[in-house]
Amino acid sequence: MAYELPPLPYDYEALAPHVSSDTLKFHHDKHHAAYVTNFNKMVEGTELASQSIEEVIKATYGDSSKTGIFNNAAQAWNHTFYWNCMKPNGGGTPTGALADKINADFGSFDKFKEEFLAAGGTQFGSGWAWLVLDKGTLKVTKTPNAENPIALGQVPLLTMDVWEHAYYLDYQNRRPDYAKTFVDSLINWDYVAEQFAAAK
Amino acid sequence: MAFELPSLPYSNDALEPYIDAQTMQIHHDNHHGTYVSKLNAALEKHSDLQNKSVDELIRDLNTLPDAVKTVVRNNGGGHFNHTIFWTLMAPNAGGEPNGAIAQAITDTFGDFENFKQRFNDAGAGQFGSGFVWLARTADGKLDVVSTPNQDNPLTEGHFPIMGNDVWEHAYYLKYQNRRPEYLKQWWNVVNWNEVNNRFAQASR
């Protein structure tokens, strides 16, 4: 089935000054839209067209004859997930079962934050930083380009886009400033907690 | 001896309007500058490697100790690639190639337009960050190749004659998502004299 570009879950101005409306317009309307369009074009008329995008991501990962499909499918999915992981007046700390699990698996929220910032800061080139549930344990991971936890058999709970297009208009080369702002002011912990609850 | 960030061979605004001054300044001072300082930091405890040129480090990358291979690949590669990249551009440059490289391009790709198309397509098709190159391959032919991140054809035994940076930081402030437009406009600043110099080195 064709994958539809979802509207942003907030206004273009909603994340300013942390992420500008210019960045969101290019990022959503151009980058995300192009991945969705390319994905739909590439699977049209093939057996993959009837599968969910998650199934396509799993089926095409590591298949060198389907790299283009994988890249566009995963990037279409990653961006939809990324938009949901942010909200205006976000940040702060998680509560409830997710907070307990973070404390249990990382030692403390600060330890999680340190690992997550390091993952985002050290993903060389384009890619993503993640909080995932991997066989019952929370882990921070990083992936290059389009790669994502679904392809690797993990459950994604939170992501931060560290492709330069995600932050270059607002932060230029200062990726660590963007990453810190993302954690302190943008993460939608309610959404992350929902993913965690659904994954258990 | 520590590696040093070379000065740009022209002013930050020299490549306007095709590449803007702010992009050049951040790209050179911050991105390239950071590769140089990280390379130096990584080699602090490897005095045997400090005396090698960055060209040698990248050419011999696969023989380096595992402890420094990735950091040299990324930051040494970043230093090497950008050092080449700055010299391949110049103000009042561009246009049709001249000299020996013009003939070689015609011989290999049919004509300049075909070559440009190949080069632009490879640059647009490099998913994520990377570079697109015209290289002299190990068997002496010209070819268009692209490399991810800060990799360089030299590590694979091919000599980089000319290359364009397709990391988003090379063009995002001016062209945003329009990488193909950046690739097209870049030909207005190509320094064919330097391309000919590198072609001569490659043929030695």
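How many aromatic pairs does the structure hold over all chains? I counted 36. I am working from a predicted model, and I keep that in mind throughout.

**Entry 1: aromatic pairs**

I opened one pair that involves both chains. A:Tyr35 and B:Phe127 have ring centres 6.5 Å apart, and their planes meet at 70°. I call the pair edge-to-face, because the planes are over 60 degrees apart. I then looked up where the two residues sit. A:Tyr35 belongs to helix α1 (residues 21-43) of chain A. B:Phe127 is in the loop between α6 (112-125) and β1 (130-136) of chain B, so this pair joins two chains.

B:Phe127 has 22% relative accessibility and counts as partly exposed.

Next I took a pair from within chain B. B:Phe131 and B:Trp133 are stacked, with 5.3 Å from centre to centre and 15° between the planes. I checked cover for both. B:Phe131 is buried, with a relative accessible area of 0%. B:Trp133 is buried as well, at 1%.

**Entry 2: chain B overall**

I listed the secondary structure of chain B and found nine helices and three strands. Along the sequence the order is α-α-α-α-α-α-β-β-β-α-α-α. The radius of gyration is 16 Å, close to the 17 Å from the globule rule for 204 residues, so chain B is as compact as a globular protein of that length. Its C-alpha atoms fill a box of roughly 50 × 40 × 30 Å along the principal axes.

I looked at burial next. Of the 204 residues in chain B, 53% are buried. For contacts between residues at least 6 apart in sequence, 68% join residues at least 24 apart.

**Entry 3: chain A overall**

How many helices and strands does chain A have? I found eight helices and three strands. The pattern reads α-α-α-α-α-β-β-β-α-α-α. A compact globule of 200 residues would have a radius of gyration near 16 Å, and the 16 Å of chain A agrees with that. The C-alpha trace of chain A spans about 50 × 40 × 30 Å along its principal axes.

Buried residues make up 52% of the 200 in chain A. Contacts between residues at least 6 apart join residues at least 24 apart in 68% of cases. Chain A exposes about 8,500 Å², with 50% of that supplied by carbon and sulfur atoms. Its side chains include 16 positive and 24 negative ones, and the centres of the two sets lie 4 Å apart.

**Entry 4: packing inside chain A**

I looked up helix α7 (residues 175-186) of chain A. Its buried residues include A:Tyr178, A:Phe182, A:Val183 and A:Leu186. A:Arg175 is also among the buried residues of this helix. What do the buried residues of α7(A) pack against? The partners are α3 (67-84), α5 (109-122), β3 (155-161) and α6 (168-171) of chain A.

Then I moved to A:Val56, in helix α2 (residues 53-60) of chain A. A:Val56 counts as buried, at 0% relative accessibility. Leaving out residues up to four places away in sequence, A:Val56 touches A:Phe39, A:Leu48, A:Gln51, A:Ile69 and A:Ala73. I also took a C-alpha distance: A:Val56 and A:Glu44 are separated by 12 Å, and they are twelve residues apart along the chain.

**Entry 5: backbone details**

Where are the cis peptide bonds I noted? One joins A:Ala16 and A:Pro17, with omega about 5°. Another joins B:Glu16 and B:Pro17, with omega about 0°. A:Pro17 is in the segment before α1 of chain A. B:Pro17 is in the segment before α1 (21-42) of chain B.

I finished with positive phi values. A:Gln172 is not a glycine, yet its phi is near 50°. A:Gln172 sits in the loop between α6 and α7 of chain A. It counts as buried, at 11% relative accessibility. B:Asn92 also has a positive phi, about 50°, although it is not a glycine. I placed B:Asn92 in the loop between α4 (66-87) and α5 (99-109) of chain B. B:Asn92 is exposed, with a relative accessible area of 85%.

How values were computed. Residues numbered from 1 in each chain as written. Chains lettered and ligands numbered in written order. Predicted model: local features only at pLDDT ≥ 70, side-chain atom pairs only at ≥ 80, totals over all residues. Heavy atoms only, no water. Helix = DSSP H or I, 4+ residues; strand = E, 2+ residues; numbered from the N terminus. Rg over C-alpha atoms; globule rule 2.2 N^0.38 Å. Buried < 20%, exposed > 50% of the residue type's maximum accessible area, 1.4 Å probe, protein only. Contact = heavy atoms within 4.5 Å. Phe/Tyr/Trp six-rings, centres within 6.5 Å; stacked < 30°, edge-to-face > 60°. Areas by Shrake-Rupley, 256 points an atom, 1.4 Å probe, with all protein chains shown as cover. Lys, Arg positive; Asp, Glu negative; His and termini not counted. Charge placed at Lys NZ, Arg CZ, Asp CG, Glu CD.
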